[in-house]
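Visitor: Hi there, could you walk me through this one? I'd like to start with the aromatic rings.

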Amino acid sequence: MADSAWPSEQLVVAAQRGDVDSIAALVSGSHPNVQRFAHSLCATPEDAEDAAQEALIILYRKIGMLRASGALASWMFRIVRNECLRRARTMMRGHPPLPDTAVDSAEDEALRRLDASRVAAAVAALPPDQRRVLIMRDVQGHSGRMVADALGLSTAAMKSRLHRARAAVRHTLRAATPDSPPGGKP
């Protein structure tokens with residue numbers, strides 16, 4: 001496994017003061033971490049390589065703008081994230097929109113809204129501890145570990161609450177659907 005340590009704070013301070021050798025060492029020492037960030041955030045390996053390179057160029061040019069020498073990792077993470085997002089937006093703009101050949105009828109739109117309100121009502125009916133876990137995990141998209149930490153739960157407890165919440169919502173939606181088969185399985 002590659003060394004994941006960031007360059008020392010003394011090196012960052014020297015680079016901020018404009019020492020050319022320190023800047024070169026800082027860029028070189030940050031490269032593995034920046035590359036790892038990029039590969040975890042960007043859509044394609046090519047975008048990751050480009051984002052990492054762009055981030056290192058920004059580091060080289062703007063190290064003097066870094067306010068706190070201990071914030072190098074978070075600063076670089078933000079730069080890489082922004083570069084990956086910029087590349088994703090550019091890629092989306094480069095593709096023409098799909099032709100809108102199938103237009104939903106007013107009836108379809110009304111049914112979709114009715115379904116959304118049924119799901120919202122089922123979620124609202126959950127006990128607060130299950131509702132919080134379900135919303136954080138499935139609606140807001142937080143990781144399981146992050147949800148568990150935020151709510152002061154073990155990962156196992158968070159998973160248990162999430163499972164119960166999903167099952168309760170599924171049960172409520174099936175019970176409210178008039179044409180659902182007996183036994184609850186579609």
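Visitor: So, how many aromatic pairs does the structure hold?

Guide: There are 2 aromatic pairs in this structure, which is a predicted model. One of them is formed by Trp6 and Phe37, whose ring centres are 5.9 Å apart with 40 degrees between the planes, a tilted arrangement.

Visitor: Where in the chain do Trp6 and Phe37 sit?

Guide: Trp6 belongs to the segment before helix 1 (9–16), while Phe37 is in helix 2 (residues 20–41). The two are 31 residues apart, and the pair links distant parts of the chain.

Visitor: And what is the other partner of Phe37?

Guide: That would be Phe77.

Visitor: Nice. Which residues end up in the ring cluster, then?

Guide: The cluster consists of Trp6, Phe37 and Phe77, linked by ring pairs.

Visitor: Is Phe37 buried or exposed?

Guide: Phe37 counts as buried, with 17% relative accessibility, under the 20% cut-off.

Visitor: How do Trp6 and Phe77 come out?

Guide: Trp6 is partly exposed at 24% relative accessibility. Phe77 is also partly exposed, at 31%. Both values fall between the 20% and 50% limits.

Visitor: Changing topic: how many disulfides are there?

Guide: The count is 1 disulfide. Cys42 and Cys84 form it, and their sulfur atoms are 1.9 Å apart.

Visitor: Which handedness does the disulfide have?

Guide: The disulfide is left-handed, because the torsion about the S-S bond of Cys42 and Cys84 is about -80 degrees.

Visitor: Which parts of the chain does the Cys42 and Cys84 pair tie together?

Guide: Cys42 is in the loop between helix 2 and helix 3 (45–62), and Cys84 is in helix 4, so the pair ties together parts that are 42 residues apart in sequence.

Visitor: Last one: are those cysteines, Cys42 and Cys84, buried or exposed?

Guide: Cys42 is buried, its relative accessible area being 12%. Cys84 is buried as well, with 7%.

Note on methods
Residues are numbered from 1 along each chain as its sequence is written. This is a predicted model: local features need pLDDT of at least 70, side-chain atom pairs count only at pLDDT 80 or more; totals for chains, interfaces and linings use all residues. Side-chain values use heavy atoms; hydrogens and water are left out. Rings of Phe, Tyr and Trp (its six-membered ring) pair if their centres lie within 6.5 Å; planes under 30 degrees apart count as stacked, over 60 as edge-to-face and the rest as tilted. Helices (H or I, at least four residues) and strands (E, at least two) are DSSP runs, numbered from the N terminus. Buried means under 20% relative accessible area, exposed over 50%, partly exposed in between (1.4 Å probe, protein chains only). A disulfide is a pair of cysteine sulfur atoms within 2.5 Å.
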